[in-house]
Structure formats: structure tokens, C-alpha cells
Amino acid sequence: MGGESVCRFSVQKGAIGLDLKRRIEELEGTPVARQRLVSIGDGVLPDHAPVAATVACGGAVVSMVRLVRLPPCTNVYIEGGRGHFVSVDERDGVIKHGDAFIWRMAMPCEGEYTFEAAEGPHVGKYICTLDCWPNDNNSQLGLGDEPNTWQLIVGDRGKFHGWTCQRALFSVGIRSTKTRVGELGFFWQWHPGHYSLASRLDNQYGADEAYFISTIDDTSELATGP
């Protein structure tokens, strides 16, 4: 973020953000999953978005982007909500239940996590919600360019509905970090067509707020059990 030039290279007409990330990985070494590209004047450059020319230099058309190096991440599945996985509606980016969906889980600071879409048309966008009162329509979880951070609250497997997450040894509630421990907590909650936030006292999340997070490779839990 100091403004130094990382690398320069040519791209073909019609290149998208993901093409830039792959080339940067080849030349500079930062893995694609740990890159965030910011277009000068336009904000975050999504993986699927076309690369726009930003500067004319000596008759040449040049695109300039800022590289932000993200913390290491792990590809995970998030299971919960009456036997379903946390997934994405490809049409509008709404978070909803569905088939297994790959998320990039990162810890930008101690005890706080982000979840980034790792597949589909919304790759590179993060799970987030608007600042509003839970259970209002606007508290619905969706995808955005700016990540929200979340805390994992570990509980026993008795939190789940009896027919769900049979292999889980314990459960996880996913709480917004916008309120502190000891205050009213806002947790991801399953609904038939979407997920939203629900308020809970003393981290006492219920069955519709209980999740199981597993890695893609070995399906082992990422949180430490009680």
C-alpha cells in the first residue's frame, strides 16, 4: 500500500480481473486467492469485471490497479440451516441455502473471520449485511465488495436439529463483530429462501443459527471444540 510498482505487463483486449490476478501470481508470486485489485477511481475490481483503461501514457492505453495482499485463506464448506449448505443465488448474489458451495475463509485479525465466494459468477465478493436491526428485510445476508467480519461461537452439537449435521462433533454460531462480547449479538439465521441476522443474548444461538464448517480437503472442523 506504499504506492510502489509491483509489476507491469501487457494484457489482451477483453481481459477481466481474474486474468490480471493470474498474471500477477506468475510475475510477483502473490496467490490469486490472496489478491484484491482496486481500480483507480472505480473501487474494487471483481474477478469477472472487464479491465478498463484508466490512463493514456505516450499514446499507449494503460490500466492501473492497486494490489492489496489479503491474509491466508482456507477453502471451506459451511453447512447449516436444516440440512443445507450456505450457498449463493447466482442471479442476484443473495445468500441462500443450496448445494455445497466453496467459500474462502480468512482471519484478517485475531478471532475475526471473513467469507469470500470462491466459485460462480460472484467470485471475489464477501458475505456482508447492511447496518440495520436484525430480522428487518434489510438485514438479509448478501455479497459485497467490502467484507464484514464475523466471530465463531462454539457450542455443542445439541444445537442442531436432530436430522442435520450428523457428522459434526460440535456446532458454530456465526456472530457479527459489530457488537462486543457481553452485548446483544447478531447471528446468521436460516430462512427458507435466504439468511439474515437474528439477535441473541449471551451467545445463546439456536438450531437455525447453528453451522458446521469443514475444509474442502479433509472435511475436518476449523474451529476448536469445547
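Student: How many salt bridges does the rule give here?
Tutor: A salt bridge is a side-chain nitrogen of Lys or Arg within 4 Å of a carboxyl oxygen of Asp or Glu. By this rule the count comes to nine. This is a predicted model: local features need pLDDT of at least 70, side-chain atom pairs count only at pLDDT 80 or more, while totals for chains, interfaces and linings use all residues. Residues are numbered from 1 along each chain, and side-chain values use heavy atoms, without hydrogens or water.

Student: Which parts does the pair Asp47 and Lys21 tie together?
Tutor: Helices (H or I, at least four residues) and strands (E, at least two) are DSSP runs, numbered from the N terminus. Asp47 and Lys21 meet in a salt bridge, 2.7 Å from N to O. Asp47 lies in the loop between β2 (43-44) and β3 (55-57), and Lys21 in helix α1, so the pair ties together parts 26 residues apart in sequence.

Student: Are Asp47 and Lys21 buried or exposed?
Tutor: Buried means under 20% relative accessible area, exposed over 50%, partly exposed in between (1.4 Å probe, protein chains only). Both Asp47 and Lys21 are buried. Now take the salt bridge of Arg180 with Glu183, 3.2 Å from N to O. Arg180 counts as exposed because its relative accessibility is 61%. Glu183, at 34%, is partly exposed.

Student: How do strands β15 and β16 run?
Tutor: Two strands pair if DSSP finds at least two bridges between them. Six bridges join β15 (residues 185-190) to β16 (residues 195-200), and the two run antiparallel. They form a hairpin with four residues between them. Phe186 has Ser199 in β16 as its bridge partner.
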